[in-house]
Amino acid sequence: MNIWIEQQRALIDFTLASLARRKARNLGLLAVYTLLVFVLASVALFSHALRHEATRVLADAPEIVLQRMVAGRHDLIPPGYLEKIGRIRGVQKMEGRLWGYYYDPVIKANYTFMAPSAGGIERGTIVIGAALERVRGLAQETGISFRAYSGKLYSFVVADILPHDSELVSADLVLMHEDDFRAFFAFPAGHYTDIALAVANPQEVRNIAAKLADALPDSRPILREEMLRTYASIFSWREGIVLAILSGAILAFVILAWDKAAGLSAEEKREIGILKAIGWETGDVIRMKIWEGVLISLTAFLVGYVAAYLHVFRAGGVLFEPVLKGWAVLYPRFQLAPEIDGLAVATLFFFTVVPYTAAVLVPIWRAATTDPDAVMRS
Amino acid sequence: MIELIEVRKAFNQGKHNEFWALDGINLNIEAHRVTALCGPSGSGKTTLLTLIGCLARPTSGRARFKGEDISGLPERFLTQLRRRSFGFVFQQFNLIRGLSAEENVMLPAAPSGLPQQVVRARAAMLLDRLRLAHRRTARVEWLSGGEQQRVAIARALINDPEVLIADEPTANLDTTLAREFLAILESFAGEGRTVILSSHDPLVIQSAAVHRVINMRDGRIVDDN
Amino acid sequence: MRRLVLPFLALAVVGFAMTCVDAALLRERHAVRIEANHVLAKRLGLTDIALFTEARYTRHPSQADRHAALQDHPLALEHFPTGSLIAPPRHIARHEYLDRTTARAD
Ligand SMILES: Nc1ncnc2c1ncn2[C@@H]1O[C@H](COP(=O)(O)OP(=O)(O)O)[C@@H](O)[C@H]1O
Ligand SMILES: [Mg+2]
């Protein structure tokens, strides 16, 4: 055991001494490798945590949202619709929802206006999301006016601000009284944006959706599982974009690493011959090279991963902000809970360490099996 | 100590350019002596040294080291034997560029599993003895030819081998350095090592440090005294 | 300096282990917040998260019309993959002029 450790120490010493000969080049390679791991790990950690958060927070969204479609577009639910649905077995609760978008030309941002069916908001007052508070410089008891689509100006008093750590779901919300909502958007009485249905038995949801579609051919039921799936796919789609852009970088790195690791120079071949002549076994040469591959790739993996963890969960993923923000003016400030996908981390580890080490090893195998007496003739 | 019986060595055997570099060598090399292989270029001196030093196996014939037949040993055992019992000083020195003198000297000990401190102390001792202590951390390509050869000698001795093998050791040295080298050789024989070298340098062959000269030509021994 | 490589690697391994510990502690702390958000989302009947507010179909992707892209604000980020790679055509940027002169939103 002791002998084994001492052997490995000696092999590592030699490998490091070898690498130190081209310090700038090898450190550069290590830096690029680490950066690559950092970006990949950041994307994987961020998107997994975000998906997890979205599914947890939206776990109790309405089982079914019923939209009315006119010419392929979402339209208002006219009066009498709720009655037309009547009583479908299994539907626990059914209510019309009032919500809509408002584009604020002052800061060129979109808000989500909503009149909660639970009520609880006085007329003439609003409850706003924290991003709105920040961007428009609002506070409790301050007033704000919005110009309605009719051209009329409406003034509200900010009654309350939604909790700051709920920004991920509430950043752009403006909650108001139903009467204010209808007046502001000139929403005719009896009309609703859409209908939310609560279903007691999850097994029934699909049946009920089918019945709804039958009863109201111009409607589109959206199931909660579809909403949640939207989230699963939208982030993997964005993740896919990042990967697509990165694949160029990955490819460049692979070529670089292959060139560095696999392109065995005449000099290296000569060195392996010398090592064999002075008493190294083929296995020693290979072990030494494995150490080279493992040291570089393991360092890249560990440093890159730890940096990515700190970036995503301790620094709020600041580097992603420009990507995710897109054209949005209102951007939620949020910290994600570090839900980590062990399989993804293991995959990243595998694909960081194994291919590189293999690339280092393949050509050595060939060189290390040559005859040691060739050295006498160089 | 080393016994060769009817040893032959072919290169490219069975091909159109088949060449017998050694053709029926019978030889017995005694321990604790300095033996020189002598002969013109191409006479097979280097080839014979590779067989003696376990770097290659004879095509036919037997080779014995301390009574044990080594001509049929598998590669692994040959390597171990080579590491423990033989030290090599190559004609071109074959040091690893970019590494320091000390690192080069320590290399053959890496697979042995000896503690690093022990090996380092031993390397320091050898370099000191060869008057290279001040160049310990210098990269080998910055050293002069004579210094490089002394690093190569120190490297050959790091595993404390019984046999030291040197191929054309004075080919790259001037007269003063060659004399110095012979003096070093003599001291090794004096401490009980067996030294085998090849040379066509009269300075070596006529030297009092060399106990036995074996003359070769065309892969055969022509004269032995 | 070379002597620092192995200790550094050991440090990195410790760092990796630390991220696992840190994650466990942070998860505990976040559990309260996530539960509060869950309750808020349930009370308001929220269907989407407010990560991308630039257009309807990015603000409420689960509620958007099929093929909703570009039916909204013409400068909105395109929903389809190309949108992430190509900027909107120049001429539609003039929509901003309308915003200013009509005082009518959207
Ligand atoms: N690998 C090889 N393949 C073919 N011929 C070789 C090889 N190595 C040596 N020889 C030939 O064997 C002969 C003996 O070579 P060598 O032992 O190097 O002689 P010396 O060391 O006495 O100059 C030479 O003619 C050389 O060309
Ligand atoms: Mg020769």
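I began with the surroundings of B:Glu147 and, leaving aside neighbours within four places in sequence, I found B:Leu132, B:His134 and B:Arg135 in contact with B:Glu147, where contact means heavy atoms within 4.5 Å. I note that this is a predicted model, in which local features need pLDDT of at least 70, side-chain atom pairs count only at pLDDT 80 or more, and totals for chains, interfaces and linings use all residues. Residues are numbered from 1 along each chain as its sequence is written, chains are lettered from A and ligands numbered from 1 in the order in which they are written, and side-chain values use heavy atoms, with hydrogens and water left out.

I placed B:Glu147 in helix α5 of chain B, residues 145-157; helices (H or I, at least four residues) and strands (E, at least two) are DSSP runs, numbered from the N terminus.

Next I turned to the sheets of chain B. I traced an open sheet of six strands in the order β6-β7-β8-β3-β9-β10, with mixed pairing; two strands pair if DSSP finds at least two bridges between them. Its edge strands are β6 (86-89) and β10 (220-224) of chain B, each pairing on one side only.

Strand β1 (residues 2-11) of chain B runs antiparallel to β2(B), with eight bridges between them, and B:Lys9 stands opposite B:Leu22 in β2(B).

Last, I looked at chain A, where helices α9 (residues 266-277) and α10 (residues 282-314) pack at an angle of about 130 degrees with their axes 9 Å apart; axes are lines fitted to C-alpha atoms, for helices over the stretch in contact, and angles run from 0 to 180 degrees between N-to-C directions. That makes α9(A) oblique to α10(A), since angles under 35 degrees count as roughly parallel, over 145 as roughly antiparallel, 65 to 115 as roughly perpendicular and the rest as oblique.
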